[in-house]
Amino acid sequence: MIFQYIGNWINELFDFLKSSSNTDVAQALATLVGITITIQIIVKAFQVASGKSQTPTQELVWDISLKVLIIGIALNMSGFLDAIKISMEELHNLMSENKNLYSVLDSKLEATVKLADIVDDESPYGTGWFYSGLIYLSFLLGIIPSFLIVITTDITLRLLLLIAPIVIFFRAYSWGKQMFDQWLSIFFTNLLTVFIVGTILNLFVNKYGSFINTQTQAIQELDVLTVVGQTLIMSLLLF
């Protein structure tokens, strides 16, 4: 269906970007490792010479060890970075109750198409296209906010995963702490958004599906205009 196609296209795009950029990023970060450690030793030597460091050996060992650990994660040594990315994706899926939100949107579209076809068949001659068009219009008006939120949270997650090596690398330095904290903050905010949207979408799909089934049965007894009007109002209220 159309929404799952869009979701798959986004995944394929970011998979391509990730595969094409990861090698260059890893090489650039690996080059910086030696430079940064050298600079760290030089700075510590100046601090000792100026009398600002009383325990240079311990401080240097601690600083370098911490940096090597963080940089090692950024360079995906022993697969730590891959494990972090997988965990982030699993949390994202968990917040959406392990459901593909694009497929949830497709299920709404399928129910709408079903009702539109029946309305088209039951409409007076020559007016089917108008009434069925109103059904699709009500769907679009209601689905746009949900779709924009779903696609935004999905793209945000992909971008966070894409820049993860750089952000984690910057965390090895005091000036990169704020950037790392913002990266984590965006991730958890995105998780909360996915949880809220996923919960609401799942509830609305069941409600909207039941309403569509009711309207499908009622169209034999009610006039088409009444059914279309109720559907328009219901879709706007639900979405």
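Which residues form a nonpolar patch on the surface? Leu32, Ile35, Ile39 and Val43 do, with about 310 Å² of accessible area together. The model is predicted. Its chain has eight helices and zero strands. Of the 239 residues, 37% count as buried.

**Fold**
- Along the sequence, the chain reads α-α-α-α-α-α-α-α.
- Helix H1 covers residues 2–49.
- Helix H3 covers residues 80–95, and helix H5 covers residues 128–162.
- Helix H7 covers residues 177–218.

**Surface patch**
- Leu32, a member of the nonpolar patch, sits in helix H1.
- Leu32 has a relative accessible area of 34%.

**Packing of H3 and H5**
- The axes of H3 and H5 come within 11 Å. They cross at roughly 165°.
- H3 is therefore roughly antiparallel to H5, since angles over 145 degrees fall in that class.
- The crossing of H3 past H5 is right-handed.

**Salt-bridge network**
- Side chains of opposite charge can pair when their charged atoms come close.
- The model has three salt bridges.
- Glu89, Asp154 and Arg158 are linked in a network of such bridges.
- Arg158 meets Glu89 at 3.0 Å, N to O. Arg158 lies in H5 and Glu89 in H3, so this pair ties together parts that are 69 residues apart in sequence.
- Arg158 also forms a salt bridge with Asp154, with the closest N and O atoms 3.3 Å apart. Asp154 and Arg158 are four residues apart in H5, so about one helical turn separates them.
- Asp154 is buried at 6%. Glu89 is partly exposed at 26%.

- The side chains of Lys177 and Asp181 meet in a salt bridge at 2.9 Å, N to O.
- What separates Lys177 and Asp181 along helix H7? They are four residues apart, so the separation is about one helical turn.
- Lys177 is partly exposed, at 40% relative accessibility.
- Asp181 is partly exposed as well, at 34%.

Terms used:
Residues are numbered from 1 along each chain as its sequence is written. This is a predicted model: local features need pLDDT of at least 70, side-chain atom pairs count only at pLDDT 80 or more; totals for chains, interfaces and linings use all residues. Side-chain values use heavy atoms; hydrogens and water are left out. Patches are made of residues with over 30% relative accessible area and no salt bridge: like charges are joined within 9 Å, nonpolar side chains (Val, Leu, Ile, Met, Phe, Trp, Tyr) within 5 Å. Accessible areas come from the Shrake-Rupley method with a 1.4 Å probe; for residues, only the protein chains shown count as cover. A salt bridge is a side-chain nitrogen of Lys or Arg within 4 Å of a carboxyl oxygen of Asp or Glu. Helices (H or I, at least four residues) and strands (E, at least two) are DSSP runs, numbered from the N terminus. Buried means under 20% relative accessible area, exposed over 50%, partly exposed in between (1.4 Å probe, protein chains only). Axes are lines fitted to C-alpha atoms, for helices over the stretch in contact, and angles run from 0 to 180 degrees between N-to-C directions. Angles under 35 degrees count as roughly parallel, over 145 as roughly antiparallel, 65 to 115 as roughly perpendicular and the rest as oblique. A crossing is left-handed if the near helix is turned anticlockwise from the far one by less than a right angle, and right-handed if clockwise.
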